[in-house]
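Try each task before reading its solution.

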Amino acid sequence: MRPRLPLILGLTLALLGAAPRGQAESARNPIIWADVPDLAMIRAGDTYYMSSTTMHLSPGLPIMKSKDLVNWQMLNYAYEILADNDALTLRNGKSAYGAGSWASSLRYHAGTYFVTTFSSTSGKTHVYRTQDIEKGPWTESAFAPALHDHSLFFDDDGRVYMVSGVGNIRLTELNAEVTGIKSGGISQVIITNASAVAGPNVGLQAEGSQLNKINGRYYLFNITWPRGGMRTALVHRADTITGPYEGRVALMDQGVAQGGLIDTPRGDWYAYLFQDHGAVGRVPFLVPVKWVDGWPVLGENGKAPETLDLPASQGVIPGIVASDDFTRGSGDPALTLAWQWNHNPDNQFWSLTERPGFLRLTTGRVDADFVKARNTLTQRTFGPECSGTIAVDVSQMKDGDAAGLAALQRKYGWVGVKVTGETRSVVMMSAESNPPVEVESVPWTGTNVYLRMDCDFRKRTDRARFYYSADGKEWTAIGKPLAMAYTLPHFMGYRFALFNFATKTPGGYVDFDYFHVSAPVSSTNQPAKLP
């Protein structure tokens, strides 16, 4: 019998700090303790919409919705796959780790919603549009070159632009259809050395452009990173879109930077930004804004506050991450919105119908290592603590196969079943060092196994611990704690990952009964058995 999800959800909300009934609480930073970087945001009436970066994952470019700027839910993705090439499909030894699609821009204009991104992997700027941001569908156009960290902007006179670049910020005019660069249109640098306002000792040059027009004036936000300092938010303003621009440091506190401005229906202003927060990834912050002499002044005495005059967070479950029993009714989507594949999937080798109520992952080729394998299914980890549990039928694995539950990043760790000849073992693998090491192996005679991964992100502890069980009730730790580390080669927070790969012969398969996500409990009691 599977666990009762309402009980798990209620326990999770309590442990994540959701306000008890009858007790008012305020929102706290980070507003989302999970990897939701490169935010772009708009407001339509009393509803906010947000896009974010998911890079090499598929589907990609997530669209989220909120009524209060704090509690967000997934709506859809702008694309199923960004492109079909070797890097995005993990073919011929290539990958798109740390690449794929980067910072997006979200806009509404003349009855159409636009979300745009760019990619070094495709070499293009991608434009997606829809009449219905909540339901889609999104249609795509794309053009070269890939305009780095651009901000799409519709001006009052009907002209369309992108502001982009690193160091020197450039204005590029697009055609009215937003399908490409306008022939003979404006193409010029509007700010030379935009980092200069933060001082001469700059490491990361200004990038991450987001442009808004407020009360007839143009405000451009960027980030920079002084050497020996921290990620810093910059703002420039001008009376005309081509400048001249004057600038200043908007915020230098805790590395909270990169984003733009959003207002509320009651007239309050906030800056939406993010912070590098260790292994969990880049987490969103909200910073209150006051207007002084035509400048947005961020924070409280120059600091990003811990609490905000906004409703309390109810946690990321089930809006951004979610448990899944893999049971689907007629008309239900195959995968819920919390799931993303690690790179483009090969759809002939996964199924929710071959064994109803289970996710089947079949190996379609031979791979040397976990991070090279296709059809690995992922969700975000989250703070301050989180736990993921799976039940999996391993009876149809082949010699050389490995399947289980992983903490996905370059320095990954996983617990799973490995088959050697006719023998199955539960193993814990660690890639803290290179090459990956099998830390512990335990003989396993059963055809079913329960696996668990707990993550601790409190005070940037950044540790994961792995467990196995024969019945889903009594758990045994295996291996050693994984020291999780956010690395630029992957450029993404750790993710829960369900996987199955072959090292000798393709064709073996495993059936995942469920994935349950929650805050960890010291004496986890999740009675469950595979039918």
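A salt bridge is a side-chain nitrogen of Lys or Arg within 4 Å of a carboxyl oxygen of Asp or Glu. The structure is a predicted model, in which local features need pLDDT of at least 70, side-chain atom pairs count only at pLDDT 80 or more, and totals for chains, interfaces and linings use all residues. Residues are numbered from 1 along each chain as its sequence is written, and side-chain values use heavy atoms, with hydrogens and water left out.

**Exercise 1.** Describe the pair formed by Lys303 and Asp253.

Solution. 
- Step 1: The closest N and O atoms of Lys303 and Asp253 are 3.7 Å apart, and the two form a salt bridge.
- Step 2: Strands (E, at least two residues) are DSSP runs, numbered from the N terminus.
- Step 3: Relative accessible area, found with a 1.4 Å probe on protein chains only, is called buried under 20%, exposed over 50% and partly exposed in between. Lys303 is partly exposed at 46%, whereas Asp253 is buried at 7%.

**Exercise 2.** Find where Asp276 and Arg231 lie and state how they meet.

Solution. 
- Step 1: Their side chains meet in a salt bridge, with 2.8 Å from N to O.
- Step 2: Asp276 belongs to strand E20 (residues 269-276) and Arg231 to the loop between strand E16 (217-226) and strand E17 (232-238); the two are 45 residues apart, and the pair links distant parts of the chain.
- Step 3: Asp276 has a relative accessible area of 24% and is partly exposed; Arg231, at 9%, is buried.

**Exercise 3.** Is Asp324 buried or exposed, and what is its partner in a salt bridge?

Solution. 
- Step 1: Asp324 is buried, its relative accessible area being 4%.
- Step 2: The partner is Arg328, with the closest N and O atoms 2.8 Å apart.
- Step 3: Arg328 is partly exposed, at 25%.
- Step 4: In the whole structure, a search finds 28 salt bridges. Some form a network that links Glu354, Arg355, Arg360, Asp393 and Asp511.

**Exercise 4.** How many residues line the largest cavity, and which strand gives the most to its lining?

Solution. 
- Step 1: On a 1 Å grid over the protein atoms alone, a cavity is a set of points where a 1.4 Å probe fits but cannot get out, and lining residues have an atom within 4 Å of a point.
- Step 2: The search finds 5 cavities of 30 Å³ or more. The largest has a volume of about 80 Å³, a volume being the space filled by probe spheres set on the points.
- Step 3: The largest cavity is lined by 13 residues, and the closest to its centre are Ser105, Leu106, Arg107, Gln210 and Tyr272.
- Step 4: E15 gives the most, with 4 residues.

Note on methods
1 Å grid on protein atoms, 1.4 Å probe; cavity = no way out; pocket = protein on both sides within 12 Å on 5 of 7 lines; lining within 4 Å.
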